[in-house]
Amino acid sequence: MNGFSGCKNHPTEHSRDYRNEVSLEREVESLRSEVSEKYQVGGMIGESPAIANVYRMIEKATRGDLMVAIQGESGTGKELVAKAIHYASGRKRGPFVVVNCAAIPKDLMESEFFGHEKGSFTGAYARKIGKFEQADGGTIFLDEIGELDLDLQAKLLRALQEGEITRVGGNDTIDFSARVISATNKDVVQMIREHKFREDLYYRLFQFPVPLPPLRERGQDLLLLSNYFFREFTKSHPEFKGKKLSTEARRAIAAHSWPGNIRELKSAIERAILLSDSQEVGAADLMISDLTTISPWSDRMSLARAAETSFSSPRVERTQPESRSVSTPISRNDFDEEDISLEDGDGGIVSLEDLKQRAVERAYRLCDHNVDRAAVELGIGRATMYRLLRKFDMME
Ligand SMILES: Nc1ncnc2c1ncn2[C@@H]1O[C@H](COP(=O)(O)OP(=O)(O)OP(=O)(O)O)[C@@H](O)[C@H]1O
Ligand SMILES: [Mg+2]
């Protein structure tokens, strides 16, 4: 799979040297594309039902070689999923090559995809190996596919249908055997209605669609991911060792809608670590607001300060409705004094195990037996919460 895939019309100059030269060029180009990429096989964090479904889809996608199309809002992890499919499939020995369809000027896109021959246009000083050739034996990831103009869509469709490409200015057709994965945050069906995306290309690319849930629909993953990014950042920046997320910050995280999804969460956490002046990272350090639209930074600053005040404000009426929304923080006053007592019945010392049980019981009760919510409030993962509920015999 990894080697030279061969030309259909073999011109006379196709000597062994030429083949070696081309395959070396391919290798260099693909290595160049991969430089500084840190592939995290299985680096996906999450255990919510929504992401568990994505894991299942990834696993099923790797059973065959259908073209996978990943759809999800910005920052939901589309590229990570594409890499997971690449590494979990038999193609992991080949390269993972990314083409960002939004980042390359329209008139250079064809050469980016398929390469060009020397002198094929002004500025083509040397032969260039395109991404499809680089990806031979591996995976080509067509990112932001919704940005591709109609002319290129037609050329891409032809290449996918035929399984071969022609370099710009070249005459030879060259087979490629890369797995094709595409991604978009656009509503492609709507684009088809508006004649901005070819229907035939859609059916070709979307053979195996994988929808990615937005972070706000991933329940307990929010906290898991927050802890993960916090840990990773402090691990790689030991000067921040010992810092931790305050309860207010965790509540602010749970209440925010995260329109920029995991990318937004990651940078909010890292920024908050840098901004915080104490060992406890506060809600204001996160600089997030409840707004679902992008807001000017100046607004964010003031909203974040306001959020901190509200998250740390002590009073929540005890006669709260049965089901709390995630954005309703539980305050200290929700707890009875005896609930938080550190003494046992006789004024002695209470065991840690006992305290743990009381904490779990109390959170579960105050969260109206909502496991996800109780896990967020306790600062533990959902799986751990279930384990503790089973252990303390509290499962319904
Ligand atoms: N499940 C996850 N576990 C850990 N990190 C994740 C997860 N999903 C995404 N990330 C991280 O979030 C960031 C955004 O992910 P990625 O680039 O894959 O998203 P995307 O959907 O391609 O975003 P965009 O639409 O902006 O291109 C990356 O830093 C990625 O490593
Ligand atoms: Mg992306």
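Reply: Start with Gln71, which stands opposite Pro211 in β9. This is a predicted model, where local features need pLDDT of at least 70, side-chain atom pairs count only at pLDDT 80 or more, and totals for chains, interfaces and linings use all residues. Residues are numbered from 1 along each chain as its sequence is written, while chains are lettered from A and ligands numbered from 1 in the order in which they are written.

Me: Which strand pairs with β9, and over how many bridges?
Reply: Strands of a sheet pair through backbone hydrogen bonds, parallel or antiparallel. Here, strand β1 (residues 68-71) pairs with β9 in the parallel sense, over four bridges. Strands are DSSP runs of E with at least two residues, helices are runs of H or I with at least four, and both are numbered from the N terminus. Two strands count as paired if DSSP finds at least two bridges between them.

Me: What is the strand order of the sheet?
Reply: The order is β2-β5-β8-β1-β9, an open sheet of five strands with parallel pairing. β2 (96-100) and β9 (208-211) are the edge strands, each pairing on one side only. From one strand to the next, the twist averages 20°.

Me: How many bridges join β5 to β2, and how many join β5 to β8?
Reply: Five bridges join β2 to β5. Four join β5 to β8. Both pairs run parallel. For landmarks, Asn100 stands opposite Asp143 in β5, and Leu142 stands opposite Ser182 in β8.

Me: Which residues of β5 point which way?
Reply: In a regular strand the side chains alternate between the two faces of the sheet. In β5, Thr139, Phe141 and Asp143 point one way, and Ile140 and Leu142 the other. Five of the five residues of β5 are buried. Buried requires 20 or more other C-beta atoms within 10 Å of the residue's own; 12 or fewer is exposed, in between is partly exposed, and C-beta atoms are placed from the backbone.

Me: Which strands does α3 touch?
Reply: α3 packs on the sheet and touches β1, β2, β5 (139-143), β8 (179-184) and β9. Its direction makes about 165° with that of β8. Angles run from 0 to 180 degrees between N-to-C directions; axes are lines fitted to C-alpha atoms, for helices over the stretch in contact.

Me: At what angle do α2 and α3 pack?
Reply: Helix α2 (residues 49-61) and helix α3 (residues 78-88) pack at about 40°, axes 9 Å apart. α2 and α3 are therefore oblique. The classes are roughly parallel under 35 degrees, roughly antiparallel over 145, roughly perpendicular from 65 to 115, and oblique for the rest.

Me: Which residues make that contact?
Reply: Val54, Ile58 and Ala61 of α2 meet Val81, Ala84, Ile85 and Ala88 of α3. Contact requires C-beta atoms, placed from the backbone, within 7 Å. The residues divide into seven nonpolar, no polar and no charged. Nonpolar covers Ala, Val, Leu, Ile, Met, Phe, Trp, Tyr, Cys and Pro; charged covers Asp, Glu, Lys and Arg; the others, Gly among them, are polar.

Me: Why does Tyr364 count as buried?
Reply: Tyr364 counts as buried because it has 24 C-beta neighbours inside 10 Å. Tyr364 lies in helix α13 (residues 352-366). Leaving aside neighbours within four places in sequence, Tyr364 is in contact with His369, Ala374, Leu389 and Met394.

Methods
Two residues are in contact if their C-beta atoms, placed from the backbone, lie within 7 Å.
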